Amino acid sequence: MLKTFKLGGVHPPDNKISAGNAIEALPIPKSVFVPVAQHIGAPATPVVNRGDEVKAGQLLAKSSSFVSTNIHSPVSGKVKKVDFSADSSGYPRQGFLIEVDGDEWIEGIDRSEDLVKEFTLDGKEIIDKIQEAGIVGLGGATFPTHVKLVPPKGMKAEVLLINGVECEPYLTSDHRLMLEKADEIMVGTQILMKALGVEKAVVGIENNKPDVIQLLTDKTKNYKGISVQALKVKYPQGGEKQLIKAVTGKEVPSGGLPIAVGAVVSNVGTAFAVYEAVQKNKPLIERVVTVTGKGVKKPSNFKVRIGTPTQDLIEAAGGLPEDTGKIISGGPMMGRAVQSTDVPVTKGTSGILLVNNEEAKRGEPITCIRCSRCVSVCPMGLEPYLLKKLSEKQLFERTEEENVMDCIECGSCSYTCPSYLPLLDYIRFGKNKTGQIIRSRKK
Amino acid sequence: MSMTLIYTIATLSVIGTAAAVILYFVAQKFKVQEDPRIDAVEEALPAANCGGCGFAGCRAFAEATVRSDNLAELYCPVGGNETMAGVAEILGLEAVKQDPRVAFIRCNGTCDHRPKTSNFDGASTCAIESSVYSGESDCQYGCLGHGDCYDSCDFDAIDLRANLGVPLIIDDKCVACGACVEACPKDLIELRKKFPKYRKVVVACRNEDKGGVARKACSVACIGCGKCQKECKFDAITIENNLAFIDSDKCKLCRKCPPVCPTNSIQELNFPPRRVKKEEKEECSTA
């Protein structure tokens, strides 16, 4: 039986135009820019200097606290600069500019495609290895995976959910990965189960990917404890809390973590990265990125080294279409427009979406007509129109009372608003400010 | 008929009188003793209720002055020294004089100086744009032009100049309440010392990028070359993070620095025309 979450949600057109195209390895670029902050948490501390020769897989920056991750060199070459460069928002971020020279890897990394099923490490060793490899949640939120695997005191994980929902329109990187690396993902899932000490794992997949559901259901016969749950198509089902609700029927309490209901959620991409880190000793230096859009000549799924400029990906997909209105890093619902095509691919880049002028145009906002559609589609049960108003008036005590921090920034409210109000813009601003106030209070 | 009227009038009169008596005693019992000087001080204040003094309106400020035993920390920027002298007289305290100030937007990145390199179509407020995005030009320090300062101003002292992309402070309307300083997410607005005829010599830039980067983003960006600093005899100019800053408290308006600035980022405003360079003065007066 198909399951889904109960509250809210929208049905944007699917547009998975790159779903049929197999993952291709993108040629290594001439130079890469690797930011030190590609994850949620403290930026990593650089350990190499300008002028150093580095090999692929070598540590560039070391995790600076528990909620932080290591950054490894995705290529071999020379560190030309340790400098600031604009990220997708245009603000400068620290990182390494590496000039590529050949493709030498550090020793100990197994680069073969062979499947390695058996693993002997215990939970602690696995977590250490994941931390060492710099793995973060690859669904887009980039939360360090090792932190998730260590539940806070007094809480115990009961079930591991593997997120293969990919509810964002256009994106197909997870879809292709599941089709092509099904066994690896299964082994990765088992490794995560071992690390967490759980007996049960469920892979959640929306039923717009019947091929994957079929394939993975067949595979689960060989892997103990893993099952596949087909889900009705509804955005934002890939949201952690929505997925938990859909699969287990439990609701994560307001302000709580998924572990509060005994669940840990990992993306399929993360499961694959975990497999590579534990079985192949390979740190997270590559990821699958979808390059797509209606005008794109060759919508593709590329296996890309972290730090590759967006420009290279666009060129490999047939170049920038003439009437491109926006270049979006991520999907159309939650992604962010990038300011320039020099912006590098980071660990959280799941797709590059080129939208034409027509699609990119936002409607002219007019006044709220109190239709309450935003309330009915909000998957977190919030009142977006109210949060918008309060954020606009900068009443941050009120936004806190109205649980603005529970907003998952899925954009369903802005998507559905008939007055084209940029609800999420305001709410995100309110959430930022409220978060700052809450954090300063704790200090 | 007439009896009904009489009864009604009589009943209401009795109720009214009784209520008046009760209210009189209640008012006596719960009488709030208030220093009459609060009212006097409030009367002397400009009643702008702008919050420029740091208190929630003129009444709150009046209460604070009455409570306090000196006026060192208390100053009404709208009323200025004259008002404060009046307040001091009422309270029998010594007024502390301050230089009057006027706001200035330290960005001259109008569209002809600072080309647009991208387009922002989200919620049109500076606070939101700056929280997600560095701005529509390559200068991440410059004015975003949505007018958060304009919205915050209670005195109509800001001309939005939407077509130019950078607002302008109307000097004679500005009361230096500081609302716009708070409102600007890019921290562009500074309260500078008010000179006669609103004359000022000021670096109209906040760009902390290195020279080349700054210049590429905006033709009138400060590149931190230090020429103005060498020229200044009064130590009024400091250079920090590739950006010059003229301290208005030290500046003597000698006008030695604007001509040496290679990017014209130092502005001299409201001066009579220079004698030697006749053509340039026309540009200045319109800028």
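Predicted model: local features only at pLDDT ≥ 70, side-chain atom pairs only at ≥ 80, totals over all residues.
Residues are numbered from 1 along each chain as its sequence is written, and chains are lettered from A in the order in which they are written.

Start in chain A. Helix α4(A) (residues 182-196) packs with helix α5(A) (residues 210-220) at about 55 degrees, their axes 10 Å apart. The two helices are therefore oblique to each other. Their contact (heavy atoms within 4.5 Å) involves Ala182(A), Asp183(A) and Met186(A) of α4(A). From α5(A) come Leu215(A), Leu216(A), Lys219(A) and Thr220(A).

Now turn to the aromatic rings. Rings of Phe, Tyr and Trp (its six-membered ring) pair if their centres lie within 6.5 Å; planes under 30 degrees apart count as stacked, over 60 as edge-to-face and the rest as tilted. Over all chains there are five aromatic pairs. Tyr24(B) and Phe25(B) have ring centres 5.4 Å apart and planes at 75 degrees, so this pair is edge-to-face. Phe25(B) counts as exposed, at 54% relative accessibility. Here buried means under 20% relative accessible area, exposed over 50%, and partly exposed in between (1.4 Å probe, protein chains only).

Phe120(B) and Tyr133(B) also pair. Their ring centres lie 5.4 Å apart with planes at 20 degrees, so the pair is stacked. It ties together parts that are 13 residues apart in sequence. Phe120(B) is buried at 15% relative accessible area. Tyr133(B) is buried at 8%.

How values were computed. Heavy atoms only, no water. Axes fitted to C-alpha atoms, helices over the stretch in contact; angles between N-to-C directions. Helix = DSSP H or I, 4+ residues; strand = E, 2+ residues; numbered from the N terminus. Parallel < 35°, antiparallel > 145°, perpendicular 65-115°, else oblique.
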